[in-house]
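Open the model in your viewer and keep the sequence beside it. We will go stop by stop, selecting a few residues each time.

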Amino acid sequence: MRTQATIRIGLAVAAGAIIAGCANEGASPASSPSASAPAPSVASSPTLPPASPEGTTPGTGAPSATPPTGKPLPTITLTDKPPKEPTDKQPNTGWVAGMVTRGGKGPCYGLIADDGQRYALYSTAGTELAQGSRVKVKLETTKLRIYCGTGTLMAMTDAETIK
């Protein structure tokens, strides 16, 4: 069974190469003066595939390395050593002022900071925050992974109401 598939594939490749060679010459081999010449082999130089839509690799339809704008795609540059500082944006820690969007006695609170950043705060201190009030809270990152609502999860270690 396996040899039959291999033979079929080989015949299909050979037939494709012959047909592709004939299509580019513009005339059939029987009507050309070199009709007595042997048919081209599979190892002959490949012919170019038909033109493909702009922005795709010819013959595959897959996106090419150069987008239609003509600019090359960005690549990852390798460095000799890893960076010493984290390259990911870290959440803001320290004191942050904003408005309470979800209050109560905890342990979960909601806060929109003055810069527009939304925080989901967690504290077991039992601090009571009124919804809609302006507060200044001290934030720290937390390894605790619980759901306290939408926003960046942070631990609230202290809170003061702004008057």
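Start with one term: two strands count as paired when DSSP finds at least two bridges between them. Gly98 stands opposite Val135 in E4. Remember too that this is a predicted model.

**Stop 1: the barrel**

Show the strands as a cartoon. You are looking at a closed barrel of 5 strands. Follow them in the order E1-E2-E3-E5-E4. The pairing is mixed. From one strand to the next, the twist averages 55°.

**Stop 2**

Select E1, residues 94-102, together with E4. These two strands run antiparallel, and 6 bridges join them.

How many bridges pair E4 with E5? There are 6, again in the antiparallel sense.

Click on Tyr122: its bridge partner in E5 is Ala155.

**Stop 2: the two faces of E4**

Bring back E4, residues 134-140.

**Stop 3: a buried leucine**

Move to Leu129, in the loop between E3 and E4. Is Leu129 buried or exposed? Its relative accessibility is 7%, so Leu129 counts as buried; the cut-off for buried is under 20%.

Show what surrounds Leu129. Leaving aside residues up to four places away in sequence, Leu129 touches Val100, Gly103, Gly104, Tyr109, Val135, Met156 and Ala159.

**Stop 4: the salt bridges**

How many salt bridges are there to find? The count is 2.

Select Arg134 and Asp114. Their side chains meet in a salt bridge, 2.9 Å from N to O. Arg134 lies in E4 and Asp114 in the loop between E2 and E3, so the pair ties together parts that are 20 residues apart in sequence. Arg134 is partly exposed, with a relative accessible area of 37%. Asp114 counts as exposed, at 51% relative accessibility.

Then select Glu160 and Lys136. They also form a salt bridge, with the closest N and O atoms 3.8 Å apart. Why does this pair link separate parts of the chain? Glu160 lies in E5 and Lys136 in E4, so the pair ties together parts that are 24 residues apart in sequence. Both are partly exposed: Glu160 has a relative accessible area of 39%, and Lys136 is at 32% relative accessibility.

**Stop 5: a charge over a ring**

The charged end of Lys136 sits over the ring of Trp95, 5.1 Å from the ring centre. Finally, look for aromatic pairs: the count is 0.

Notes
Residues are numbered from 1 along each chain as its sequence is written. This is a predicted model: local features need pLDDT of at least 70, side-chain atom pairs count only at pLDDT 80 or more; totals for chains, interfaces and linings use all residues. Side-chain values use heavy atoms; hydrogens and water are left out. Helices (H or I, at least four residues) and strands (E, at least two) are DSSP runs, numbered from the N terminus. Axes are lines fitted to C-alpha atoms, for helices over the stretch in contact, and angles run from 0 to 180 degrees between N-to-C directions. Buried means under 20% relative accessible area, exposed over 50%, partly exposed in between (1.4 Å probe, protein chains only). Contact means heavy atoms within 4.5 Å. A salt bridge is a side-chain nitrogen of Lys or Arg within 4 Å of a carboxyl oxygen of Asp or Glu. Rings of Phe, Tyr and Trp (its six-membered ring) pair if their centres lie within 6.5 Å; planes under 30 degrees apart count as stacked, over 60 as edge-to-face and the rest as tilted. A charge sits over a ring if NZ of Lys or CZ of Arg is within 6 Å of the ring centre and within 35 degrees of the ring normal.
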